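Subject: Structure for you to look at

Hello,

Here is the structure I said I would pass on. Please open it and keep it beside you while you read.

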Amino acid sequence: MKKPRMTAVLTAVLCLAGAGVLLTSYAQQNTAVKSAAAKLYRQNCAVCHGLPGEPRNAIANGMFPKPPQLFRGMGVTDDEAWESFAKISGGIRMSGMPGFRESLSDTQMWQLSQLVKSADKLPASVKAELAAATPGAAVPTLAPAAAGKSDEEHEHDHVH
Ligand code: HEC
């Protein structure tokens with residue numbers, strides 16, 4: 001490649017990068033917030049409110065009222081973030097929705113409010129983080145009933 005042309009290419013790239021810098025850093029910051037929130041969500045909310053692409057688990061299924069599955073079209077994306085913040089902070093009386101203000105910081109609860117507000121337009125990285133091999137194997141799935149209590153176990157129970 002000839003030198004002048006290379007320079008031109010480099011300049012173009014730099015210009016684009018420069019022009020995009022604000023947008024990019026905003027987006028990255030935004031994504032960083034959401035991925036922090038994704039972790040918090042997995043730890044504190046997923047057990048009731050579910051994860052993208054996963055069916056309602058046994059716990060959520062047995063609640064009354066049932067917690068809305070926030071990543072399955074039953075979200076709060078049409079609510080204002082402050083509204084969700086208030087619910088996350090104070091809980092919802094007599095519903096099973098816990099208040100988190102004793103356990104999470106305001107910042108963390110804001111991050112969660114923003115996460116659930118944009119549940120329908122999350123960057124792929126954040127979705128992946130939500131789906132990540134959940135230490136919420138802590139989140140039990142609706143198990144096919146009593147599959148495989150093995151005979152072996154049974155025999156051991158009855159050794160005479
Ligand atoms: C033990 C189960 C449980 C956990 C854990 C839980 N929630 Fe909830 N949540 C509920 C239930 C049940 C409702 C619905 C209450 C109702 O219908 O009145 C609810 C409602 C909500 C709502 C309002 C939904 C709406 O349609 O207005 C938001 C927002 C919410 N939860 C966010 C969260 C976040 C964020 C977390 C984690 C920090 C969390 N919840 C943890 C059970 C839970």
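This is a predicted model: local features need pLDDT of at least 70, side-chain atom pairs count only at pLDDT 80 or more; totals for chains, interfaces and linings use all residues.

Residues are numbered from 1 along each chain as its sequence is written.

The whole chain

The secondary structure of the protein chain comes to 7 helices and 0 strands. Helices (H or I, at least four residues) and strands (E, at least two) are DSSP runs, numbered from the N terminus. Along the sequence the pattern reads α-α-α-α-α-α-α. Of the 160 residues, 19% count as buried. A residue is buried if 20 or more other C-beta atoms lie within 10 Å of its own, exposed if 12 or fewer, and partly exposed in between, with C-beta atoms placed from the backbone. Among contacts between residues at least 6 apart in sequence, 69% join residues at least 24 apart. Two residues are in contact if their C-beta atoms, placed from the backbone, lie within 7 Å.

Helices H4 and H5

The axes of H4 (residues 81-90) and H5 (residues 106-117) come within 9 Å and cross at roughly 125°. Axes are lines fitted to C-alpha atoms, for helices over the stretch in contact, and angles run from 0 to 180 degrees between N-to-C directions. H4 and H5 are therefore oblique to each other. Angles under 35 degrees count as roughly parallel, over 145 as roughly antiparallel, 65 to 115 as roughly perpendicular and the rest as oblique.

On the H4 side, the contact is made by Ala81, Ser84, Phe85, Ile88 and Ser89. On the H5 side, Met109, Trp110, Leu112, Ser113, Gln114, Val116 and Lys117 take part.

H5 has 12 residues and reaches 16 Å from its first C-alpha to its last, close to the 16 Å expected at 1.5 Å a residue. The expected span is 1.5 Å times one less than the number of residues. Buried residues in H5 include Met109, Leu112 and Val116.

Single residues

Valine 47 is in helix H2 (residues 46-49). Is valine 47 buried or partly exposed? It counts as partly exposed, because it has 19 C-beta neighbours inside 10 Å. Its C-alpha atom is separated by 7.4 Å from that of asparagine 57, 10 residues apart along the chain.

The loop between helix H3 (58-61) and H4 holds methionine 74. With 13 C-beta neighbours inside 10 Å, methionine 74 counts as partly exposed. Leaving aside neighbours within four places in sequence, methionine 74 is in contact with Pro68 and Gln69. Methionine 74 and histidine 49 are 25 residues apart in sequence and 9.6 Å apart in space, C-alpha to C-alpha.

Proline 65 is also in the loop between H3 and H4. A cis peptide bond joins phenylalanine 64 to proline 65, with omega about 5°.

Methionine 94 is in the loop between H4 and H5. Its phi is positive, about 60°, although methionine 94 is not a glycine. Methionine 94 counts as exposed because it has 7 C-beta neighbours inside 10 Å.

Regards
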